[in-house]
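I opened a notebook page for this structure and wrote down what I looked up, entry by entry.

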Amino acid sequence: MLRCALHDGLPAATWALLLGLCCLAGPVAAQTPTELVRQGHMPADSLFRLFYVPIEVPAGTAEIRVREDYGHDGGNVLNMGIYDPAGYRPGTTAGFRGWSGGAKTAFFINAQAASTGYVPGPVRPGTWHVLLYPSTIAPAGLDWKLTVTLVPGPVGPLFVPAPAATVINTRPGWYQGDLHLHTLHSDGRRTPAELVDEAVAQGLDFIISTEHNTNSANLSWGRYARPNLLVINGEEVTTTAFGHWNALGLEPTTLIDWRYVPADSSIARYTAQVRALGGLAIINHPFFPDTVNRFRFGVRHFDGIEVWNGRWDARNERALAWWDALLRQGRPLLAVAASDTHTAALSPNQLGRPRTVVQATGLSRAGIMQGLRARRAYLAADRALRLTLTAWAGGASAGIGDTLVAAAGQRLEVAFELRGASAGTVTLLGESGVLATSPVAATGSTAVRWPLAGRPRYLRVEVRNPTGAMLALTNPIWVSSRPGRAGK
Ligand SMILES: [Zn+2]
Ligand SMILES: [Zn+2]
């Protein structure tokens, strides 16, 4: 019987027995590759369980190659990754050597190079573990087979990481970024070089690299440096069963583990790991789709919500409503927009559409992350849309993300300016709903002033086109009688 290895403490040999593995080792001769075959059957109730298949790697191995074969009847998807002898148990990522999910059925690793999604480096002798994770499985179950080729030989020159520069400039300003994207290092279709060239062409100031469950891309962004484009390290922490979240602002060598379930109550440990690095934990596309990926970890552990993922649709509308409900409860989560792009132009998720525009002390990892943490950010459908939002009470003023200090009874006034849209509606909202509306000026430049009779707890703006699709959305200005951060 197959069992979930998520919580077990069994040695690898025991797992080999439980999995009913066989080993067909070929004759070992000097410089002759050795082929190992491991195979088994996963019944339908194996869905979303973790299976570690042990592979003994002898000293002198220069390259490991793994090929996965399984029946695709019934839409089976068998995700794959690998750990080296430094460790594979959930909670430790010391031995992590790569993850391709369901995007690949074969990979290689040697000292100098590896398939995208995998981490080059020495092929250490000892017990490696291939991780298999079925995310779709037919009622009849799934027959699987791994063919592992161990290539002996001298170790070549070692891979040298080349992470992205952390500072592009130190000029304060508003910077446009795409916070969620994929390349060939997970299930995207672009090379890293194609992605950075397109980011420059789309007028993006920064991108955040968020491959599924791997940091392999983050080790090499420095090789694709482009003038004036900041690349920030991240990871899309991905469990098909319980949802996806983005760990943003990581060190290039950081890997955030994904191998836990909501019942473990361990999510707090991982979001805290992100924050300890100066990063942020953001819930991704919480309602995509309705049947799987629906977010099931507690929102209290997260810093923000991706309320706008790709083209505006009903799922984004639900995410926006959820975020707004949390604001009304006094929980000031950051709202972000991102493309989640996987393919080149003309796909539904085009790079930079939508984007998040951040007020930062400079175009640097620290500056952008600080701006996001302070929620000094608005969300825009494309590069042309620019806006400002300011609120006044007496002589005090505040912008997006800030807290306006206003005494009881003091009148508030709000100013909003927009460029890059020539039709639609601007709506000012607070916890009670709509506070004011104005038409978007046909000239392409809209300026509105709203005196407010009441005293809302927060003020935010939505700009929608005539069909109701979102053009721009701000994080709130909070209103308080005392100085301090929102929600405190
Ligand atoms: Zn996702
Ligand atoms: Zn994604």
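Which protein donors does the zinc ion (ligand 2) have? I found His 180 (NE2), His 182 (NE2), Glu 236 (OE) and Asp 340 (OD), lying 2.1 to 2.2 Å from the ion, where donors are N, O and S atoms within 2.8 Å of the metal (3.2 Å for Na, K and Ca) and sites may look incomplete, as water is not among the atoms.

Before going on, I noted that this is a predicted model, in which local features need pLDDT of at least 70 and side-chain atom pairs count only at pLDDT 80 or more, while totals for chains, interfaces and linings use all residues. I also noted that residues are numbered from 1 along each chain as its sequence is written, that chains are lettered from A and ligands numbered from 1 in the order in which they are written, and that side-chain values use heavy atoms, with hydrogens and water left out.

**Zinc sites**

The zinc ion (ligand 1) is coordinated by Glu 236 (OE), His 244 (ND1) and His 285 (NE2), at 2.1 Å. Glu 236 coordinates both zinc ions, which are 3.4 Å apart. Glu 236 in strand β11 and His 285, in the loop between β13 (280–283) and β14 (304–309), are 49 residues apart and link distant parts of the chain; strands (E, at least two residues) and helices (H or I, at least four) are DSSP runs numbered from the N terminus. Both Glu 236 and His 285 are buried, meaning under 20% relative accessible area with a 1.4 Å probe and protein chains only.

**Cores**

I then looked at the largest nonpolar core, which has 80 residues, with Trp 245 and Phe 416 among those with the most contacts inside it; such a core is a set of buried Ala, Val, Leu, Ile, Met, Phe, Trp, Tyr and Cys residues joined through side-chain atoms within 4.5 Å. Helix α4 (residues 314–328) gives the most to this core, with 5 residues. A second, separate core of 25 residues includes Val 53 and Leu 142.

**Strand β16**

Why is strand β16 (residues 355–360) largely enclosed by the rest of the structure? I found that 5 of its 6 residues are buried. Strand β16 runs antiparallel to β9, joined by 5 bridges (two strands pair if DSSP finds at least two bridges between them).

Methods:
Buried < 20%, exposed > 50% of the residue type's maximum accessible area, 1.4 Å probe, protein only.
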